[in-house]
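Subject: Structure handover, aromatic contacts

Hello,

I am passing this structure on to you.

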Amino acid sequence: IANGRRPAGSLVAMIAADVFRDQPTLHTASLRLEPIGPEHFEGAWAALQDEESRRLTGTHEVFTEPQIREWLQSRAAAHDRADWAIVRASDGAYVGEVVLNDLDPHNESMSFRISLAAQGLFGKGYGSEATKAVVDYGLEVVGLHRISLEVVDFNTRAQRVYAKAGFHPEGLLRDAWYWNGEW
């Protein structure tokens with residue numbers, strides 16, 4: 001699935017490889033998207049324990065606490081990508097993470113992914129709000145030409161969110177995920 005808004009042939013310089021050196025906090029009506037870091041460990045760790053969230057993101061690997069702490073610590077130095085913690089503005093609760101990664105500076109494109117921390121957070125509009133904020137930021141502020149993502153066929157809720165944010169299906173990967181003994 002891809003989302004691209006800038007017209008073909010527009011005169012824009014290549015995206016800088018360190019475009020996220022000064023990654024901002026983004027604000028929406030009910031969320032704060034802040035650069036993810038060590039202060040988000042508890043929420044990130046809990047999210048990795050949620051089986052449904054793991055299934056929807058295809059996360060097979062079982063991570064250790066030190067691995068997650070190291071990953072969170074390393075995000076501030078990753079200037080070619082943006083990892084945001086999704087935080088509820090009303091109470092500061094960790095809702096999930098949203099990411100722009102795999103920067104291709106010459107083609108002005110990146111990949112997108114989002115993960116909500118637990119099933120109890122689904123259906124409240126957080127995913128839609130965070131997706132729109134990050135896609136708008138990537139296209140309008142960073143200057144990306146294209147943002148793409150992958151989503152499994154059974155995650156129809158996410159597909160609706162992505163369609164609302166302007167993503168369009170481009171293809172179908174068959175037998176790409178192996179989960180619980182089935183392709």
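Is Tyr-137 buried or exposed? Tyr-137 is buried, at a relative accessible area of 13% (buried is under 20% relative accessible area, exposed over 50% and partly exposed in between, with a 1.4 Å probe and protein chains only).

Some notes on the source. This is a predicted model, in which local features need pLDDT of at least 70 and side-chain atom pairs count only at pLDDT 80 or more, while totals for chains, interfaces and linings use all residues. Residues are numbered from 1 along each chain as its sequence is written, and side-chain values use heavy atoms, with hydrogens and water left out.

Aromatic pairs

Searching the whole structure gives five aromatic pairs (rings of Phe, Tyr and Trp, the last by its six-membered ring, with centres within 6.5 Å; planes under 30 degrees apart are stacked, over 60 edge-to-face, the rest tilted). One of them joins Trp-84 and Tyr-137: the ring centres are 5.9 Å apart and the planes stand at 90°, so this pair is edge-to-face. Because Trp-84 lies in strand E4 (residues 82–88) and Tyr-137 in helix H4 (residues 126–142), the pair ties together parts 53 residues apart in sequence (helices, H or I, of at least four residues and strands, E, of at least two are DSSP runs numbered from the N terminus). Trp-84 is buried, with a relative accessible area of 0%.

Tyr-162 and Phe-167 also pair edge-to-face, with centres 5.9 Å apart and planes at 70°. Both residues, Tyr-162 and Phe-167, are buried. Together with Phe-112, they form one aromatic cluster.

Regards
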